[in-house]
Amino acid sequence: MPAEAESREPGTPGMPGDGSGDSGAGRSAGQDAGRASRRPPRVTRDTARPEGGGRAAPGDAPAPARQWPLLAVLGATGLGLLIVAFDAFRVGTIVIGLAMIGGAVLRWALPDVGMLAVRSRFTDMFTYGGLGAVIVLLALMAQPHAWLKLPFLDDVLHFTVQ
């Protein structure tokens, strides 16, 4: 390959395999086809598994055991919903928020969490932890008889609702 063609940016005319310009200064198309291209494929045929998306237990374990981190978060969330159904709104909602925070901790601490891994590790931890913290804070501030009172929120509410 000529030295000038090697220094060109990908996508510029004359690069082998791009369908434009010369095809490699006298080389046949079969010789260029054997080389791996540095360009990404035009059509994506598969999606990449998120980091940590491997099985949380060995492959010969039954399916529930391989997905125990996800099942732990879903079980705690279900318990919180059951508590809410039995008329303990605040406690049940706190359990749901703590389940989300627990999912963030599992995502941070374990190398493989199965289907609990949706995106990158940072994004999953930020999403699970942030949503869990917001749910817990809202449950603590829910009226009547809030367990957590923030004075500046009373001032904001006073100015918006007369």
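Q: How far apart do the end C-alpha atoms of residues 92-110 lie, and what share of the span is helix or strand?

A: This is a predicted model, in which local features need pLDDT of at least 70, side-chain atom pairs count only at pLDDT 80 or more, and totals for chains, interfaces and linings use all residues. Residues are numbered from 1 along each chain as its sequence is written, and side-chain values use heavy atoms, with hydrogens and water left out. Helices (H or I, at least four residues) and strands (E, at least two) are DSSP runs, numbered from the N terminus. For residues 92-110, the end C-alpha atoms are 26 Å apart, with 95% helix and 0% strand.

Q: Which residues does the UniProt annotation "transmembrane region" cover?

A: UniProt positions are given in the numbering used here, feature names are shortened, and annotations may be inferred rather than shown by experiment. The unreviewed UniProt entry places this annotation on residues 68-86, 92-110 and 122-142. In the model, residues 68-86 are 95% helix and 0% strand, with 27 Å between the end C-alpha atoms.

Q: At what angle do the axes of H5 and H6 cross?

A: Axes are lines fitted to C-alpha atoms, for helices over the stretch in contact (heavy atoms within 4.5 Å). Angles run from 0 to 180 degrees between N-to-C directions. Under 35 degrees counts as roughly parallel, over 145 as roughly antiparallel, 65 to 115 as roughly perpendicular and the rest as oblique. Here the axes of H5 and helix H6 (residues 121-141) cross at roughly 160° and come within 8 Å, so H5 and H6 are roughly antiparallel.

Q: Which residues form the largest nonpolar core?

A: A nonpolar core is a set of buried Ala, Val, Leu, Ile, Met, Phe, Trp, Tyr and Cys residues joined through side-chain atoms within 4.5 Å. Buried means under 20% relative accessible area, exposed over 50%, and partly exposed in between (1.4 Å probe, protein chains only). The largest core here has 9 residues: Leu-70, Val-73, Met-100, Ala-104, Leu-106, Val-113, Leu-116, Ala-117 and Tyr-128. Leaving aside neighbours within four places in sequence, Ala-104 contacts Met-125, Tyr-128 and Gly-129.

Q: Is Asp-87 buried or exposed?

A: Asp-87 is exposed, because its relative accessibility is 72%. This residue sits in the loop between H4 and H5 and has a positive phi of about 70° although it is not a glycine.
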